[in-house]
Amino acid sequence: MSELIGIWVSALLTVMVLSYLLGDNPLYRLAEHLFVGTAVGYAVLVAYYSLLRPKLVLPLLQAPLENWALAVPILLSLLLLARLNHKWHKVGIVPLAFLLGVGVALTIGGALFGSILPQTVSTIQSVNPADGGWGLAVSNLILVIGMLSSLSYFYFTADSGAGVGRIKSGFLRAWRGVGKWFIMITFGAIFASTVMARLSLLIGRLQFLIYELPKSLR
Amino acid sequence: MIYCPNCGTANRDGSSFCNQCGHKFGGSKTTCPACGSDNPIENLFCDACGAKLAPLVTRGVEEKPGVKGLSLPTKPIDDEPLPEDEDTLGEVLPAEEGEEDIPDWLARLRATIGPENDSPQEGRDVAAPQPNAAPLFESLGEDADEEVPEWLQQLKESEPSAPEEEEAVESPALEEEATVAAEAAEPEGLITESDALPEQREVAAPQPDAAPLFESSGEDADEETPEWLQQLKELEPSAPDEEEATVAAEAAESEEEIAESAKEVVEETAAEAEFDDKALADSESLREMPGQVETSPEAAQPPEGIDILAIPALSEPAETAALIPEEDEGDLAAWLQQEGPVILEADEGEEDRADTIVFQPEETSPRSLPPSDIPAWLETLAPEGAVLPEELGRAFTPAGKPSPEDVGLERAEIPSWLEELRPGHKKEEGPIEETIEAAGLLGGLRGALKMVGAVDPAPSQRTRPASTPASATAAHAEMLTRLLNEPASALVKPRVVPTAARRSRGLPWLAFLLLFAAVLIPFFVPGLVPGGNTVPGSEAAADLSSQIQSLKQGDVVLVSFDYDPGASTELDWPVRVILDDLRAKGANLLITSVTPTGPGLAARFDMGGMQTVLLGYLPGQEMGLQRLATGLEGVFSVDFQGNPVSEAPLGVHSLKDVALIITAASSQEPVRWWVEQVKTQMPSTPMGAVVSGAIEPVVRPYYASGQLVGLVSGWVGGQAYRQAAAPTEAASKEDIAAMEAQSLAHLTIALLIVLGNIAYWGRRLFGRQP
């Protein structure tokens, strides 16, 4: 029975969300608010039962002396609440600084060794057809050209003087034009992927309404 | 400097009273009449609103010139302002009325000083020269002649030269009467010398004939008495036999002094006239005008001329008549032309006016002096020992002096406009007429205050010179006026939509309907798209499938559900395909999530046939993943169902025990976190990703660099994975319909893009700009 109710509520909410095609209306707003509220409530409960209760509350209740160090995160958490008070909001900077400091340190370290260096190394590809054929060579060449031209598009301090500077400026302007086209193609691909993803969502909802809802009526 | 809030006169710091008007400085603060804020007493302008705190001196001194010049009681500056039609002496009375009440010589005198009254500053100091001080002008040089008014020049020319006639001054009785006349010319606050502060004494009008006063004052008084007063003191009639010599000496000395005084007065008049023009423009000039703020004792001698002429006339009418030059009959007053004595007449029938003395030129007799009233402010000047009248209507008589009645003085007739100038005189006010405001913000209110310039406006609010606005400004002002005057309905114009825009308005709806039909039709017409349920082979999906195929029985695969319910429609199906493949390979599952909603989504899948541990939500994002790479027990104490992780059947204590890591994400961040925080610490552990199609372009570089062993992107990737993992497995009816809908939708979108570009370029090629 609960599954049947769930299916009908899901179908009703799906129609309410799709009603946005006719414009903003209270039904859509109601479904939107229900979705956000349910998601937040669910996240709070999950955070409590997955983190706070097993890692903070229960250890302090069962063995407070052994877990006295847990008072530090409690104190930092309470200091975060001081951000809500205008008079004491500066006190909340301490836990924020702690969180941001650790987070930035991990992000920089992870980004350097997990993204920047590996991605840079991966662009060093051979353009020699003898290594992998003409196709791979052209693909690698396009990759290199696209990377360099896209980076040069964000180089805004080109010399516009006379002589060599003027030649360099003209070349850089043309090179930036190439990079702009690569960037536009990339954005187009991302947009197309997004459209495809949203179509999948629409198809999934229609699939639910066409196949799952009739099953519940039988 | 302290500027008097009443008259604007500059006073020394620390003064308690104004040296000009006697206004008491109540405190160290002055309240701004415009905004009510407190300002230091030294302020000329309000600190808050910029309004002028010290009133313009031109306001109060307008009434003075004719008054001082006549040695008649003056009206203090702080008195009630005159009505609008009495701002100047020339406007006080109509011409006919003035002729009726004012003697000819007074009217002529007014006419002479009238033009100068236009400048209030001039008018005040014009009072210093006395019309009857003719003998004093003998010593005036040519320069003085150029600067002295015409009427003064005439008096100078008509100055009598008979010294023996001045013996009339020596009459003690008449001298006392002249004292009364002189004191009547002084404001009350200036006469009370004994009560005055040093600053006040400095400008107080001297009492030339206050002989008893000098008797009572000792040597100390001599130190504080102005020079001219000292000279008068020396002239005090001590003995009848010395009077002639004293008067002759005094006349000789006073001629020079008063001549200098007259010159100074004329110069001050000219200087103050210039100052008056600049006063409004720059208040600082107030401090630079000594004649404005401080009155020299010489310039403040009001009654001398009258004293000199009146006293002999009262005692010796025949001799006094000789003072009037016969050749100037046309210019002199009638009473002077008649060669008769000057009569100070007191009207017995009007006791309320007895304190004012007016010349009556028409009456040369009788010579009786009926008792007259002595005002209170004049009684304060009474020297010690003087016999004050016990009742109103009788003039006081100093001790040892004959009363005015005894010498035949009569009460004078005082014009009404002069009566109003008397200090302390209160004009009878009728009922205040409260008018109703006709328009404006105060429209309909009764008794609203008039918008008069009670205070000088702030410099920023002064009227600026008129200028011609620019054409653009005038056009804007005209437009604003028109908009304000037009009704609101007239301003709302119907929106005109171009025909081309009207035609193109329906195109988005047409595209939407086509796309919706392309999505919906495959569910009811299966097989509409040939090969629609197959997708091109995906190398990334095949690589992930190959990695799963390489797993051994019982290997632990960690699957992280890092997407939200909104993306579950897109990602549930590829994840289900992969889980089915893992089940087929006999792998065990370790499930977690970096999003709070992930464990709930994972719990919906059928995990039958596999040993599964649902660890639950991993908080901390990057920090949580970095910690997870070091060990499971330090991160998870219990699983999603509350069971201790240490008792989990998989026996996994760290990620090193995991054969494969698969993250299913709807955004790029979880994938990046896994790669950057976990993959960098365990490079030997293979990692794959199942992502939404929206983020596939930004995740693919990790696959290209080898950090991800495989990548499945949305439904298309799931289908590609299915084709790679189990090419012979038949898809379900629902899956085929969904894939065909996806393919047909993609075809429709491509068709719309092509048609749109054709239309765009066609318009450009055929000259119709879109």
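Good morning. I begin with one residue, Asp580(B), which is partly exposed, with a relative accessible area of 36%. Please keep in mind throughout that this is a predicted model.

Which residue forms a salt bridge with Asp580(B)? The partner is Arg583(B), and the closest N and O atoms of the pair are 2.9 Å apart. Both residues belong to helix α27 of chain B, where three residues, about one turn of the helix, separate them. Arg583(B) has a relative accessibility of 24%. Because buried means under 20% relative accessible area and exposed means over 50%, Arg583(B) counts as partly exposed.

As general background, nonpolar side chains in soluble globular proteins tend to be buried together.

What does Ile578(B) contact, once its neighbours within four places in sequence are left aside? Its contacts are Leu544(B), Ile548(B), Ile662(B), Val690(B), Val712(B) and Tyr721(B).

I return to the charged pairs. How many salt bridges does a search of the whole structure find? Over all chains, the search finds six. One of them joins the side chains of Arg700(B) and Glu696(B), at 2.5 Å from N to O. These two residues lie in helix α31 of chain B, residues 696-704, and are four residues apart, again about one turn of the helix.

Are the two partners buried or exposed, or in between? Glu696(B) has 13% relative accessibility and counts as buried, whereas Arg700(B), at 33%, counts as partly exposed.

A further salt bridge is found in chain A, between Arg29(A) and Asp24(A), with the closest N and O atoms 2.7 Å apart. Here Arg29(A) is partly exposed, with a relative accessible area of 40%. Asp24(A), at 46% relative accessibility, is likewise counted as partly exposed.

Thank you for your attention.

Note on methods:
Residues are numbered from 1 along each chain as its sequence is written. Chains are lettered from A and ligands numbered from 1 in the order in which they are written. This is a predicted model: local features need pLDDT of at least 70, side-chain atom pairs count only at pLDDT 80 or more; totals for chains, interfaces and linings use all residues. Side-chain values use heavy atoms; hydrogens and water are left out. Contact means heavy atoms within 4.5 Å. A salt bridge is a side-chain nitrogen of Lys or Arg within 4 Å of a carboxyl oxygen of Asp or Glu. Buried means under 20% relative accessible area, exposed over 50%, partly exposed in between (1.4 Å probe, protein chains only).
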